[in-house]
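Please load the model, switch to a cartoon view and keep the selection tool ready.

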Amino acid sequence: MASLNSAALDPLDGSVAKPSYDRSRVTPGIVHFGVGGFHRAHQAMYLDDLMNRGEALDWGIVGVGVMPGDRRMQAALSAQDHLYTLVVKHPDGEYQARVIGSIIDYRYAPDDIEGTLELLADPEIRIVSLTVTEGGYNFHHVTGEFDLGNADVQHDLASPRTPKTTFGIVAEALARRRERGIEPFTVMSCDNIQGNGEVAHKMFVAYARARDAELGDWIDANVHFPNSMVDRITPVTTEADIEEIHQRFGIEDRWPVVCEPFTQWVLEDHFNSGRPVFDQVGVPLVEDVMPYELMKLRLLNASHQALTYFGYLAGYRYAHEVCQDPLFVDFLLDYMNREGTPTLRPVPGVDLDDYKRTLIARFANPEIKDTLARLCAESSDRIPKWLLPVIREQLAQGGEMHRSAAVVASWARYAEGVDERGEPITVVDRLKDELMAIAKRNRDEPTAFIENRQLFGDLADDERFRAAYLDALERLYRDGARGCVEHLVAG
C-alpha cells in the first residue's frame with residue numbers, strides 16, 4: 001500500500017472523502033503555529049470545508065514549527081504533500097474518514113528562520129493563528145505577566161532578527177511589515193484558554209515593548225487579536241489508530257487525526273485584513289465570545305474535572321466508562337444544572353438543556369477512549385480557572401456549591417498518589433511535588449490542601465466552602481469515591 005500523497009488520492013476507497021478542489025490553485029493566506037491534532041481536526045477542517053465549496057482558495061495554511069518536537073510533524077506532512085486523514089469516531093462504531101488538503105506547506109523555523117520571517121512579512125499572509133497550548137503564552141502562573149526571564153525570550157530580545165520563539169518571530173515579522181508599509185496580519189488564537197485573544201494580545205505586546213517600546217505600542221494599536229471559543233475532543237493519535245485506519249480504509253498515513261463528531265467554533269469578527277467566510281461553514285461570528293466561552297469552561301471543562309478524579313478513584317480509567325454509569329451521569333447533570341448554569345450569562349442561539357445533554361453523550365462515546373489520566377493532568381492550571389470561579393460566584397449569591405467543593409476534595413484525595421485499591425497514581429502537574437506533599441497531610445490536617453493560597457486564595461476562610469469540602473473529604477475516606485457521589489446525588 002502506497003503512502004498517502006497527492007498521487008494516491010484517486011485510488012482511495014470510495015468511502016473516503018477527499019478534496020474536491022484543485023490544490024494547485026490554493027495559495028497561502030494563513031500561517032499557523034502549533035500544527036497538532038486539534039488544529040488539524042478543527043481550524044484546518046473548517047478551511048477544507050470552505051475550499052470544498054469553492055471558497056477560500058486564497059486562505060491556504062502554512063504550518064510553522066518552532067519546538068524540537070515539531071520536526072516530526074514537519075517530516076510526516078512533507079512526506080504526504082501535506083495531506084492527512086481525519087477520522088470521526090461515532091459512538092455506534094462508525095468511522096468517517098476524509099483527507100484534508102487545506103494545509104499546503106510546513107516550515108520548521110529553525111531550519112530557515114529568514115525564510116520564515118519573509119513568509120510572515122508577505123502581504124498575502126493576513127492571519128497568523130495559534131494552537132500553542134496555555135504554556136506557549138509564556139505568562140507567570142501567579143502574576144499573569146509575560147515572563148521576560150525565559151532563556152529563549154532573552155535570546156530573542158538580544159538577537160531580534162534571528163528569533164527562536166513564536167513571540168520573537170511574530171514581532172520581527174510585524175516590524176518588517178511596519179517598515180515596508182504593509183498592513184499587519186491578525187493574530188488569531190485558537191487555544192483552549194479563557195480570553196485567548198486577550199491573552200495573546202497582552203503577551204505579544206509585552207514582548208514587543210521589551211524589544212522596542214514604539215513597536216509594542218504600534219502592535220497594541222494596530223493588530224487585532226480576536227477571542228474565540230473552540231471545542232472538539234481530539235485524543236492523541238495512537239499506533240493502534242494508525243493501524244485501524246490502514247485496515248479499514250487502506251490508507252497508510254504517518255500521522256492521521258481521530259476525533260469525536262461534535263465540533264464548535266465561535267469567533268469574534270475582529271480582523272485586520274479580511275478573513276475566510278467562516279460563517280458559511282457553521283462558525284458564528286460574534287461581537288463578544290465571552291458568553292459562549294463561559295458556557296464551555298463551566299459546563300464542559302469543569303464537568304471534566306467533576307468526573308475525572310471521582311471516576312479514577314472509583315476504578316474507572318476512561319471518560320466514557322464514567323459517563324455510562326447512571327450514578328455519575330446524575331452527579332454531572334446536578335452539577336451542571338444547579339451550580340454551573342446559574343453562573344452563566346445568556347448564550348445567544350444556544351439551547352443550554354440540549355447542550356448539556358450533548359455533553360453527556362460526547363463524554364460517553366466509547367470510540368474516543370479519552371483517558372481519565374489525561375483529564376486529571378495539570379489540575380493546578382485547570383481547577384482554578386474552570387471550577388473555582390463557579391464556587392466563588394455561587395458563594396456570593398447564596399447558591400449551591402457543595403458538589404463543586406466535593407470535586408476539589410476528590411482532587412485532594414487523588415493528589416495523594418494512591419487509589420482506593422492501594423495502586424499508585426501517576427500525578428502529572430507542574431506543582432506535583434508541592435501538591436503531593438500537602439495531600440499526604442489530608443487525614444491529619446484536613447484543610448491543608450485548600451489552605452494553599454497560591455491556588456485557592458481565601459476560599460478556605462469561607463465557612464460554607466470549608467464545611468462542604470471537609471464533609472466530602474471525610475466521605476471519600478469513609479465511603480470511597482462512589483459512596484461520596486451517592487451521597488451528593490441523594491442530597
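**Stop one: a pocket lining**

By class, the lining of the second largest pocket holds seven nonpolar, six polar and five charged residues. Here Ala, Val, Leu, Ile, Met, Phe, Trp, Tyr, Cys and Pro count as nonpolar, Asp, Glu, Lys and Arg as charged, and the others, Gly among them, as polar. Before going on, note that this is a predicted model, where local features need pLDDT of at least 70 and side-chain atom pairs count only at pLDDT 80 or more, while totals for chains, interfaces and linings use all residues. Residues are numbered from 1 along each chain as its sequence is written, and side-chain values use heavy atoms, with hydrogens and water left out.

Select Glu134, Phe139, His141, Gly144 and Lys385: of the 18 lining residues, these lie nearest the pocket's centre. A pocket is an open set of points on a 1 Å grid over the protein atoms alone where a 1.4 Å probe fits, with protein on both sides within 12 Å along at least five of seven lines; lining residues have an atom within 4 Å of a point. The space in this pocket is about 400 Å³, a volume being the space filled by probe spheres set on the points, which are joined across faces, edges and corners.

Now colour α7 (196-211), α15 (379-386) and α19 (453-456), each of which supplies at least two lining residues. Which helix gives the most to the lining? That is α15, with four residues. Helices (H or I, at least four residues) and strands (E, at least two) are DSSP runs, numbered from the N terminus. Domain 1 (6-287) and domain 2 (290-490) each contribute at least three residues to the lining, with bounds from an automatic or database domain assignment.

**Stop two: strand β6**

Select residues 127-130, strand β6: Ile127 and Ser129 on one side and Val128 and Leu130 on the other are all buried, meaning under 20% relative accessible area with a 1.4 Å probe, protein chains only. Strand β1 (residues 28-33) runs parallel to β6, joined by four bridges; look for Ile30 with its bridge partner Ile127. Strand β7 (residues 186-189) also pairs with β6 in the parallel sense over four bridges, and there Ser129 has Met188 as its partner. Strands pair if DSSP finds at least two bridges between them.

**Stop three: a three-stranded sheet**

Finally, show the open sheet ordered β8-β10-β11, with mixed pairing. Because β8 (228-231) and β11 (285-286) each have a single partner strand, they stand at the edges, one side of each left without a neighbour in the sheet. β8 and strand β10 (residues 264-268) run antiparallel, joined by four bridges, and Met229 stands opposite Val266.

Definitions and conventions. Buried < 20%, exposed > 50% of the residue type's maximum accessible area, 1.4 Å probe, protein only.
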